[in-house]
Amino acid sequence: MESVASTTGLGTQLDDGGTLETVDATAQAATGNPTGEPLWGLQWDMPQIHLPEVHAVTTGSPNVVVGVLDSGISSTHPDLATQIAKDKSTSCLGGMIDTAEAAWNPTTSDHGTHVAGTIAAAINGVGVAGVAPGVKVASVKVVNDDGFIYPEAAVCGFIWAAEHGMQITNNSYFIDPWEFNCRNDARQRPVWQAVQRAIRYSQNKGVLNIASAGNSNVNLQHKFIDSGSPNDGSFPVEDRTITGACVDLPAEAPGVVTVSAVGPTQQKSYYSSYGQGVVEVTAPGGDTRFRTGGSPSTLSDAILSTTFNTVTKTNGWGYKQGTSMSGPHAAGVAALALSAHPNMNRPGFGSGYDVPRVPWSRVNGLRLRT
């Protein structure tokens, strides 16, 4: 989906909303060990974050619920059907609550299904292993059928998650129609104000919000030119100088954990935005171009997870890449840390949860602080 994954990185567009390649998964006997899942050998991202060692300590607690603010989660997927907290799932499209199962399932995009699989795909002898297969995920649908995430849906999502006991949210998107909302622009300032208030409300309710840094390959710390907003035809596209008054929402909102992406070599993915003082942590997001110099792509260097074909209405597994894929790795690690240490507190944010410093550093052995 364009709004979740627009990029100008290295001259070609990245689209993490579309499945790059599908993979067959043959069912095997469940082992209770992630390495026993049929497609484990294709999940380079999980050994990179030391998942087998972590699962020796915990696979996560069902008392921990991660809200997946995205395009919906397939409730019939064999790797996810047991993982979804249906009583906490809803559609927030248009800022309106609709808890019907059909409303929070995917309609035009399987982006949210892929994200959910990275967080919590079950260890059940089918398909892939999630980072935290013992926790639950809730589908909070904020992406409309045209692929846009408008402020009223995002605000609704943050508040719903806060009021329904979700300790963590994953936000693999930016809020449309401006990739960067400028507080000194009268058209955009209300977006900043509304989203910031919703996030602050959720933090005061104890929610840790995690967001993707974006796929525009820009240094979020410095000035640059944005030539792609607004992206929905509501106003003419403008060339805007992005200054300190402009922020990527929700990634740059105060208190949100911002995640950039790396590939199998643990170097920054070609598309990933970055920035000292903006990005807190990096995690596997895939990089299909690095090892080949860009052509041809190495699809297996993307992230393998659960998928849903919205045309044929069939479930499967496939590759996507983007900071949309790195965010759920971080959300899964946070869910594991909270499962192991349920009394974590986050200083300065009321009853919220601390960013687990040791597990974050193990996401891939480095932090984007330089």
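Modeller: Buried means under 20% relative accessible area, exposed means over 50%, and partly exposed sits in between (1.4 Å probe, protein chains only). This is a predicted model, with local features needing pLDDT of at least 70 and side-chain atom pairs counting only at pLDDT 80 or more, while totals for chains, interfaces and linings use all residues. Residues are numbered from 1 along each chain as its sequence is written, and side-chain values use heavy atoms, with hydrogens and water left out.

Colleague: OK, what makes you say that both faces of S11 are covered?

Modeller: On one side sit Val-257, Val-259 and Ala-261, on the other Thr-258, Ser-260 and Val-262, and every one of them is buried. That is six buried residues out of six, and S11 is mostly covered. Strands here are DSSP E runs of at least two residues, helices are H or I runs of at least four, and both are numbered from the N terminus. The protein chain has nine helices and 14 strands.

Colleague: How do you know which strands are partners of S11?

Modeller: Two strands pair if DSSP finds at least two bridges between them. S7 and S11 share three bridges, and S11 and S12 share four, so both pairs qualify under that rule. Each pair runs parallel. For example, Ile-210 has Val-257 as its bridge partner in S11, and Ser-260 has Thr-282 as its partner in S12.

Colleague: Why are S3 and S12 said to stand at the edges?

Modeller: The open sheet has seven strands in parallel pairing, ordered S3-S4-S2-S5-S7-S11-S12. S3 (90-91) and S12 each have a single partner strand, so one side of each is left without a neighbour in the sheet. Elsewhere in that sheet, S2 and S4 (residues 136-141) run parallel and are joined by six bridges, with Val-68 opposite Ser-139 in S4.

Colleague: Why is something here called a nonpolar core?

Modeller: The term needs buried Ala, Val, Leu, Ile, Met, Phe, Trp, Tyr or Cys residues joined through side-chain atoms within 4.5 Å. The largest such set has 39 residues, and Val-66, Ile-119, Val-137, Ile-168 and Ile-210 have the most contacts inside it. S2 (65-70), H5, S7 (208-212), S11, S12 (281-284) and H8 (323-340) each supply at least two of its residues. H8 gives the largest share, nine residues. Apart from this core lies another, of 30 residues, including Phe-158 and Tyr-173.

Colleague: Buried or partly exposed: how would you class Asp-185 and Glu-152?

Modeller: Asp-185 has a relative accessible area of 17%, so it counts as buried. Glu-152, in helix H6 (residues 151-163), comes in at 41% and is therefore partly exposed. Leaving aside neighbours within four places in sequence, Glu-152 is in contact (heavy atoms within 4.5 Å) with Gly-94 and Gly-95.

Colleague: What makes the link between Asp-185 and Arg-187 a polar contact?

Modeller: The cut-off is a pair of N or O atoms within 3.5 Å; within protein, one must be able to donate a hydrogen and the other to accept it, and residues adjacent in sequence count only if both atoms are side-chain atoms. The two side chains are joined at 2.7 Å, which falls inside that limit. Asp-185 itself lies in the loop between S6 (181-182) and H7 (189-204).

Colleague: How do you know that the bond from Ser-229 to Pro-230 is cis, and what makes Asn-217 stand out?

Modeller: Most residues other than glycine have a negative phi, and most peptide bonds are trans. The Ser-229 to Pro-230 bond has omega near -5°, and Leu-249 to Pro-250 is also cis, with omega near 10°. Asn-217 has a positive phi of about 55° without being a glycine; it is in the loop between S7 and S8. Lys-313 also has a positive phi, near 60°, and belongs to the loop between S13 (303-309) and S14 (314-320).
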